[in-house]
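Please open the model in your viewer and keep the sequence panel beside it. The tour below goes from one selection to the next and says what is to be found at each stop.

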Amino acid sequence: MAKAIMLQGTSSHVGKSILTTALCRIFKQDGQRVTPFKAQNMALNSYVTKTGGEMGRAQVAQAEAAGLDPAVEMNPVLLKPTGNACSQVIVMGKSVGNMSAKEYHSGYSLTALGVVTECIEKLHNDFDVIVIEGAGSPAEVNLKANDIVNMRVAKLAAAPVLLIADIDRGGALASVVGTLELLEPDERDLVKGIIINKFRGDINLLKPALDFLETKTGKPVVGVIPHLDRLGIDDEDSVSLEDKGQPAKNGDLDIAVLRLPKISNFTDFDAIAGETDVRLRYVRQGEAIGKPDLIILPGSKNTTEDLLYLRNNGYEQELIKLVKSGTPVVGICGGYQMLGREVQDPDHTESDLDKVMGLGLIDSITVFVADKVTHQVTAAADNHKFLGINFSGGNLTGYEIHMGRTQFLSPVDHAFSITTRSGEQVNMPDGAVSADGLVMGTYMHGIFDNDAYRRAVLDALRVRKGLAPLGVVKDTQALKNAAYDRLAEVVRQNMNMDLVYRIMNEATGS
């Protein structure tokens, strides 16, 4: 049986995901076979595993930090919001349909508990250490009866709990004391320590508060973690996207991503944002697109409604005007579907709308069907014509997550050729590039994580501005691994890992 530790929070977005990532890396560095686990996740930023299963992006980063290939057992239940109080429910990587919040919490969640239990048992058998992430707060009394992600999981996994509070937002001491007060006695006993996260300032000035907290709760403060900026590690959800704000740096290239209300997989653009010559910004409602060097339409969990958002807020007209004046546009997945002439949803798989007129920048229509496409893919480009770069290359990697099928109304130049899908050899066209080379659409999430392709696109944009190409190709995977190591080092320095190990050992009687 594996040792386990669980990170719960006094609220959402206190740093559970990033500290789980840190502990996965630390235990790996210490020679442990370690795996992350989160029973139920709610996020639009998802990923597809090698076997074609869909899971939350945070557990992907945690698996990478642990040196593992991501697997759906690490996140057996994923909720992807589709509209107000409604989500698509993904169980063991596959969609089981859309449910209202009431339908899910009052019935289905406890049905999914059996799957969660099986995954915990498997991970206990396969690993030395399980690092478990909770969700929201364990003190949400209205949800506790149907909880399958916080204290019920701690009990199933025999996992002691570390409670995290975000001191940066204020009220950290009250949130810790209040959370513990709202727990049942047996749940309170499971909490073995407290972590103060996102601290700025002099630790000596905080010490009286820490002493008070330990006396008041009877729980040790296991660590005080400093506020960490620009970690270079994938974010999970729209709350993290809000934190990105406006870029702090200037760059030769101005790239604008339209911040759709149902934006998904915004980590598609993190590698671009990390380039030294790029200023990547998210255009929020009410903000002008301006005159960027490239516009990106991102993925969407509700393509038809996000199309109407563009239309009703004036962005459609502004975007088309910019394209006609020579500004290039890239659409990824849902953004690619928007570029066509029409999006049809006859079975209402995403919304109540039968069809919506598209932007008309690619001669295509997209029809939504119930069967969801989820694959890791490899692809090749042969004289890829976007921006006239004539890029050729194989072994481009990415993944597909979409319910729409795109059909072309006239011959087009395809963006890429898919060569494998979920490990099987195929020969399938993907995406399209307009005749003038200014508009490109693709179903491949993660296409800009391919270092040589990303630089080819950026250098083409530089040449269009009269700038010399940089020709410097970053190794994003090496940079990501270095970021995991930096994170682990900071957490080691500011957390009592000897105490963490002792808490874990006591829980298993070892």
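Begin by selecting the open sheet of 6 strands, whose order is β15-β13-β16-β18-β26-β25 and whose pairing is mixed. Strands here are DSSP runs of E with at least two residues, helices are runs of H or I with at least four, and both are numbered from the N terminus; two strands pair if DSSP finds at least two bridges between them. At the edges stand β15 (278-283) and β25 (432-433), each of which has a single partner strand, so one side of each is left without a neighbour in the sheet. The model is a predicted one, in which local features need pLDDT of at least 70 and side-chain atom pairs count only at pLDDT 80 or more, while totals for chains, interfaces and linings use all residues. Residues are numbered from 1 along each chain as its sequence is written, and side-chain values use heavy atoms, with hydrogens and water left out.

Within this sheet, select β16 (residues 294-297) together with β18 (residues 329-332), which run parallel and are joined by 3 bridges. If you pick I296, its bridge partner in β18 is V330.

Next, select β21 and β22, which pair in the antiparallel sense over 14 bridges.

Rolling a probe the size of a water molecule over the atoms shows where empty space is left. A cavity is taken as a set of points, on a 1 Å grid over the protein atoms alone, where a 1.4 Å probe fits but cannot get out, and its lining residues have an atom within 4 Å of a point; grid points are joined across faces, edges and corners, and the volume is the space filled by probe spheres set on the points. The structure holds 1 cavity of 30 Å³ or more, and about 170 Å³ of space lies in the largest cavity. To find it, select S300, C333, E350, I401 and H402, which are the closest to its centre of the 18 residues that line it. At least two residues of the lining come from each of α12 (334-338), β21 (364-384) and β22 (391-408), and β22 gives the largest share, with 4 residues. Coloured by class, the lining has 5 nonpolar, 9 polar and 4 charged residues, where Ala, Val, Leu, Ile, Met, Phe, Trp, Tyr, Cys and Pro count as nonpolar, Asp, Glu, Lys and Arg as charged, and the others, Gly among them, as polar.

Select F27 and Y501, whose ring centres are 5.4 Å apart and whose planes are at 80°, so the pair is edge-to-face. F27 lies in helix α1 (residues 16-29) and Y501 in helix α15 (residues 497-508), so the pair ties together parts that are 474 residues apart in sequence. F27 is buried at a relative accessible area of 0%, whereas Y501 is partly exposed at 21%; buried means under 20%, exposed over 50% and partly exposed in between, with a 1.4 Å probe and protein chains only.Move on to Y104 and Y108, an aromatic pair that is tilted, at 6.2 Å centre to centre and 40° between the planes. Y104 is buried, at 3%, while Y108 is partly exposed, at 21%. Then select F391, F416, F448 and Y453, which ring pairs link into a cluster.

For a last stop, show the cysteines: the structure holds 0 disulfides, a disulfide being a pair of cysteine sulfur atoms within 2.5 Å. The sulfur of C86 is 19 Å from the closest cysteine sulfur, in C333, which is too far for a bond.

Terms used
1 Å grid on protein atoms, 1.4 Å probe; cavity = no way out; pocket = protein on both sides within 12 Å on 5 of 7 lines; lining within 4 Å. Phe/Tyr/Trp six-rings, centres within 6.5 Å; stacked < 30°, edge-to-face > 60°.
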